[in-house]
Amino acid sequence: MKVTSRIADLKNHLKEAGIKPVGFVPTMGALHEGHLSLVKYAIHECPVVAVSIFVNPTQFNDKNDLKNYPRNLKKDLDLLSGVLRKDDIVFTPEITEIYPVPDTRQFSFGNLDMVMEAVHRKGHFNGVAQVVSRLFEIVEPDIAYFGIKDFQQVAVIKELVRQTGNKVRIVSCPIVRESDGLAMSSRNMLLEPEIRKKAPLIFRTLTSASEMFRSADVPEIKEFVREKINSETRFYVEYFEIADDMELFTLKTKKEMIPGRKYFGCIAVKAGNIRLIDNLEMETA
């Protein structure tokens, strides 16, 4: 694999490789098996793959969160060297390479950036749209791969592509979980040991909520989730919503369900000092 921090080198390499389709996996580093699963999906479909490692400042509404976000480029490159091929490339730009001038663009995604994460992380999805659209301009991928753990982000990126007319195909890939069910996340390494031991409670509760969805209505399920998780010391539910997979309309009652759509329970939990998100499809039969 090749590694570069310069746009010109990246473009030259992809041009010289001259093979299509180009697969792209954007990351913020602190890589784990979840990221590697995306890379493997890309490798399976694409003869050349680009992976970016860039901690994007514009999507952090909390400066401390940005400061504390885990970074270990050497470890990330070691992991990628075990899966990437000789024609694949890792792009590790500096901030000035991505944003040579401040990015003042404002995006609007309707309901997609008015619920759940958007309520608790003001400006987050605008920052995501800024960096993803910029990376798409630079890499010019044919296919881009994202993890469904960031359920709302995937919906926003699909809408971004629709609005901009970009021809890139967005592939959403399944959540990769630890053996105890906790969704893999770069933030997991920041959890205190005692909190980490208890964190699988989130997935267990989502699983129970999914089973309840067959017979119980939304208010009862939401109350169950909050009580179950909030009863654990130093765990607090920021939100739990049941939303469709297209427009992210959050249900108040099952009577609002739209035929033909899938519904997911989406949750954000403050686990000690670390914020974790997860989601699970709700069972309907």
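Reader: How many bridges join S8 to S9, and do they run parallel or antiparallel?
Author: Eight bridges join S8 to S9, and the two strands run antiparallel. Keep in mind that this is a predicted model.

Reader: Which residue is the bridge partner of Phe264 in S9?
Author: Phe264 has Glu281 as its bridge partner in S9.

Reader: How many residues sit between S8 and S9?
Author: Two residues lie between them, and the two strands form a hairpin. Gly272, in the turn, has a positive phi of about 65 degrees.

Reader: What about the pairing of S8 with S7?
Author: S7 and S8 also run antiparallel, joined by nine bridges. Within that pairing, Glu241 stands opposite Cys266 in S8.

Reader: How many of the residues of S8 are buried?
Author: Eight of its nine residues are buried, so S8 is largely enclosed by the rest of the structure.

Reader: Something else. Which residues are buried in H11?
Author: Val218, Ile221, Val225 and Ile229 are buried in H11. They cover an arc of only 65 degrees around the axis, which puts them on the same side of H11.

Reader: Why would residues three or four places apart point the same way?
Author: An α-helix has 3.6 residues a turn, so residues with that spacing point the same way.

Reader: What covers the buried residues of H11?
Author: The cover includes helix H10 (201-212), strand S7 (235-244) and strand S8 (263-271).

Reader: And how far does H11 reach?
Author: H11, residues 218-230, reaches 18 Å from its first C-alpha to its last. That is close to the 18 Å expected for its 13 residues at 1.5 Å a residue.

Reader: Which residues are buried in H2?
Author: In H2 the buried residues are Gly34, His35, Leu36, Ser37, Leu38, Val39, Ala42 and Ile43. What covers them includes S2, S3, helix H4 (73-81), S5 and S6.

Reader: How far does H2 reach from its first C-alpha to its last?
Author: H2, residues 33-45, has 13 residues and reaches 19 Å, close to the 18 Å expected.

Reader: Now the open sheet. What is the order of its strands?
Author: Six strands form it, in the order S1-S4-S3-S2-S5-S6, and the pairing is parallel. The edge strands are S1 (2-4) and S6 (169-173), each of which pairs on one side only. From one strand to the next, the twist averages 25 degrees.

Reader: How many bridges join S2 to S5?
Author: Two bridges join S2, residues 22-27, to S5, residues 143-147. Phe24 stands opposite Ala144 in S5.

Reader: Which strands does H7 lie across?
Author: Helix H7, residues 124-139, lies across S2, S3 (48-53), S4 (89-91), S5 and S6, and runs at about 145 degrees to S2. Helix H8, residues 151-164, packs on the sheet too, touching S5 and S6. The direction of H8 makes about 170 degrees with that of S6.

Reader: Switching to salt bridges. How many does the structure hold?
Author: The structure holds 23 salt bridges. One of them pairs Arg275 with Glu117, with the closest N and O atoms 2.8 Å apart. This pair links distant parts of the chain: Arg275 is in S9 (residues 274-281) and Glu117 in helix H6 (residues 117-120), 158 residues apart.

Reader: Are Arg275 and Glu117 buried or exposed?
Author: Both Arg275 and Glu117 are buried.

Reader: What about Lys198 and its salt bridge?
Author: Lys198 pairs with Glu232, and their closest N and O atoms are 3.3 Å apart. Lys198 lies in helix H9 (residues 193-198) and Glu232 in the loop between H11 and S7, so the pair ties together parts 34 residues apart in sequence. Lys198 is partly exposed at 31% relative accessibility, and Glu232 is partly exposed with a relative accessible area of 25%.

Reader: Last one. What does Asp9 form a salt bridge with?
Author: Asp9 forms a salt bridge with Arg6, the closest N and O atoms being 3.0 Å apart. Asp9 is partly exposed, with a relative accessible area of 28%, and Arg6 is partly exposed at 43%.

Conventions: Residues are numbered from 1 along each chain as its sequence is written. This is a predicted model: local features need pLDDT of at least 70, side-chain atom pairs count only at pLDDT 80 or more; totals for chains, interfaces and linings use all residues. Side-chain values use heavy atoms; hydrogens and water are left out. Helices (H or I, at least four residues) and strands (E, at least two) are DSSP runs, numbered from the N terminus. The expected span of a helix is 1.5 Å times one less than its number of residues. Buried means under 20% relative accessible area, exposed over 50%, partly exposed in between (1.4 Å probe, protein chains only). The arc is that of the directions from the helix axis to the C-beta atoms. Contact means heavy atoms within 4.5 Å. Two strands pair if DSSP finds at least two bridges between them. Axes are lines fitted to C-alpha atoms, for helices over the stretch in contact, and angles run from 0 to 180 degrees between N-to-C directions. A salt bridge is a side-chain nitrogen of Lys or Arg within 4 Å of a carboxyl oxygen of Asp or Glu.
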